[in-house]
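Here's a friendly walk through one protein model. Take a look at the sequence and structure first, then read on.

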Amino acid sequence: MGEVDAAFIQDLEHRPKLAVIEAEGIPLIDLSLLNSSVDDGAIKGLVSEIGDACEKWGFFQVINHGVPPECREKMEVASRKFFEQSKEEKRTARRDEVKPMGYYDTEHTKNARDWKEEFDAAVENPTVISASDEPDDKESPLALICRYAEGLKPCSRCKGWLIEL
């Protein structure tokens with residue numbers, strides 16, 4: 001195994017403090033009530049669950065979110081296909097000062113380069129980024145992201161309260 005590029009090494013004060021944590025289970029958030037007519041109190045309870053999971057765990061698993069499994073699967077396949085391309089191919093969809101959405105692989109956290117690649121996209125007022133040669137491609141990453149987001153629209157019922165957390 002070779003040397004690690006210094007760009008990926010965080011200063012000591014920013015590295016995780018290792019500790020053993022006993023876990024009961026990853027929080028499971030059920031969003032099914034967002035697809036029904038419930039009062040604001042029930043939605044505020046859901047928001048409280050999400051806030052608690054974020055505070056105690058930093059993440060959670062969502063069920064009954066409204067995104068059809070086949071949509072999620074197609075999006076996963078398209079994502080894998082995009083990220084399996086060469087760096088040169090991926091960088092043709094690179095974000096920059098003019099294009100705020102797209103591929104990016106030089107993110108930094110606490111002055112150290114992250115070990116990740118990302119593709120940012122927006123579904124409200126989307127910035128069109130060509131990741132497909134066919135302009136009307138219904139299976140393009142952008143089309144799949146928009147369909148995925150359509151399934152999540154009921155979640156917008158609680159976004160105001162989530163922002164307040």
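## A first look

Of the 165 residues in the protein chain, 20% count as buried, where buried means under 20% relative accessible area, exposed over 50% and partly exposed in between, using a 1.4 Å probe and protein chains only. Keep in mind that this is a predicted model, where local features need pLDDT of at least 70, side-chain atom pairs count only at pLDDT 80 or more, and totals for chains, interfaces and linings use all residues. Residues are numbered from 1 along each chain as its sequence is written, and side-chain values use heavy atoms, leaving out hydrogens and water.

The chain has five helices and six strands, taken as DSSP runs numbered from the N terminus (helices H or I, at least four residues; strands E, at least two). Along the sequence they run β-α-β-α-α-β-β-β-β-α-α.

| Residue | Place | Relative accessibility |

What does Arg95 touch, leaving aside its neighbours within four places in sequence? Its contacts (heavy atoms within 4.5 Å) include Pro100, Tyr103, Glu107 and Asp120. Glu118 is also on that list, and a polar contact of 3.1 Å joins the side chains of Arg95 and Glu118. A polar contact here is a pair of N or O atoms within 3.5 Å; within protein, one must be able to donate a hydrogen and the other to accept it, and residues adjacent in sequence count only if both atoms are side-chain atoms.
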